[in-house]
Amino acid sequence: MPSATEKKIRFVTLAGMLLNLLLVGIKAAGGILFGSHALLADAFHSLSDLVTDCAVLFGVRYWSAPPDKSHPYGHGRIETLISAFIGIALGATAIGLAWEALSSLNTGNSRPPDGAAFYIALSSIILKEALFRWTRRVAREVKSGAVAANAWHHRSDALSSIPAAAAIACACFFPQFAFVDRVGALLVSLFILYAAWKIVAPTLRELTDAAADKAVREEIVRLAMSVEGIKAVHKVRARNAGGYLIADLHIMVDPEMTVRTGHSLSHRVRSKLIDSDLNLRDAVIHLEPYTGNQVIDISHDREKHLQELLAVWEDSVRATHTFLSEEDIVNLKPPVLAGLREIPCLCIICCSGDDSPCGFMGVAGDKLEMLFLRNVRRGGGLGGRLLVHAIEELEILYVDVNEQNPAACGFYEHFGFKTFARSELDGQGNPFPILHMKR
């Protein structure tokens, strides 16, 4: 028996199918009878809508099926293939219409269409926009990429009817510009081609197993770290599969924890992820002992560490930024503390047998904004561990370094950063030259 989700998809798709069938007939007849190339092009667009409605109706029973032995991750990729088919069908329609419009422009024989063609195009805009809104609402309710793709196909049909209607009106009221009807057909095809790319692009990413967005991976880390007992999270991977996410990650726990307790903890992390708004279908969690020297993301729980991190900063700066006066250091403390509070991603590293941070870094987007270690910990590889995490896990590309701190410049150069610009003043407007570096 079809599920409630499948019934919703079938109902909205059948309704769209019937409307598209009606519009294909009316537009095609109107385009031929009233001599409008733009309206005839719009009819072919509606015909492609009809084809994709059939594809959704055919595919929903397969992609909605639950996981089984032969498809343990579910059948979501069928939905992805249907979405790709919709986009390709739309693109092929656009190319064919563009070719026809250009060919007819070259003939030079332009006759103005009848005014009735304009009212047909106007009716199509209203009906297809209403169908788009309804179908999109259902797509959001059932979380279906294919239904969403079909909704946008309806929207592209509505949008393509706008230049069609405008071109027809212009050609009707100003017969000397009758060729505008063919230009309208060309514009329609460009609208359709853009809509096709918007549909196909995400399916290509999914079918090639592209990683989920960085924001998604960061949210996975945040959710996992919110579970009591998790010391660190790393090696997070996530990908899309038919409207759902599948992830795997490594969590670090107390090395003295029993296997039973660790197993229970991993289940709590998995439940936390699946119950979230990430629409995650499955998560594979690898358990590791936390032995120190690991990078920990504290972005979600930073307040209790701020004074310790400020002390790390001051200790590091006094040892490495010898060009700063005592007054400079005192004046820099408030903005540094504000930066620690506001930086989007804040990570610390602790040494073995010590729970207090001996180093930290802050990342905003693809830029490393800060990286500092206690002076006694310099040269022990902790800075490199932080930077490698920033490069591999947080995907940073940029960093700014004080030119008067040659050790830091050499450190970043060792990891592949190169200077591409120089500023005379630092971020606070002080006369401390800054080197802008990029990997």
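Two strands pair if DSSP finds at least two bridges between them. Keep that in mind for the sheet, where this tour begins. The model is predicted.

**Stop 1**

Select residue Val233. Which residue in S2 is its bridge partner? The partner is Ile251. Now widen the selection to S1 and to strand S2, residues 244–253. Eight bridges join the two strands, which run antiparallel. Strands of a sheet pair through backbone hydrogen bonds, either parallel or antiparallel.

Is Val236 buried or exposed? Its relative accessibility is 10%, so Val236 counts as buried. The cut-off for buried is under 20%. Val236 and Glu218 are 18 residues apart in sequence, and their C-alpha atoms are 8.7 Å apart in space.

**Stop 1: a helix pair**

Select helix H1, residues 4–33, and helix H4, residues 116–142. The two pack at an angle of about 165 degrees. Their axes are 11 Å apart. Angles over 145 degrees count as roughly antiparallel, and H1 is therefore roughly antiparallel to H4. Their crossing is left-handed. What kinds of residues make up the contact of H1 with H4? There are 13 nonpolar, six polar and four charged residues.

**Stop 2: salt bridges**

Side chains of opposite charge can pair when their charged atoms come close. How many salt bridges does the structure hold? It holds 14. Visit three of them.

*Arg155 and Glu129.* Select both side chains. They meet in a salt bridge at 2.8 Å, N to O. Arg155 lies in helix H5 (residues 145–173) and Glu129 in helix H4, so the pair ties together parts 26 residues apart in sequence. Both residues are buried.

*Arg217 and Glu395.* Move on to this pair. The side chains form a salt bridge at 2.4 Å, N to O. Where do the two residues lie? Arg217 is in helix H7 (residues 214–225), while Glu395 is in the loop between helix H11 (382–392) and strand S8 (398–402). The pair therefore ties together parts that are 178 residues apart in sequence. Arg217 is buried, with a relative accessible area of 10%. Glu395 is partly exposed, with a relative accessible area of 39%.

*Arg318 and Glu314.* Finish with helix H9, residues 306–320. Arg318 and Glu314 both lie in this helix, four residues apart, about one turn. Their side chains meet in a salt bridge at 2.9 Å, N to O. Arg318 is partly exposed, at 40% relative accessible area. Glu314 is buried, at 18%.

Definitions and conventions:
Residues numbered from 1 in each chain as written. Predicted model: local features only at pLDDT ≥ 70, side-chain atom pairs only at ≥ 80, totals over all residues. Heavy atoms only, no water. Axes fitted to C-alpha atoms, helices over the stretch in contact; angles between N-to-C directions. Parallel < 35°, antiparallel > 145°, perpendicular 65-115°, else oblique. Left-handed = near helix turned anticlockwise from the far one by under 90°. Nonpolar A, V, L, I, M, F, W, Y, C, P; charged D, E, K, R; others polar. Salt bridge = Lys/Arg side-chain N within 4 Å of Asp/Glu carboxyl O. Buried < 20%, exposed > 50% of the residue type's maximum accessible area, 1.4 Å probe, protein only.
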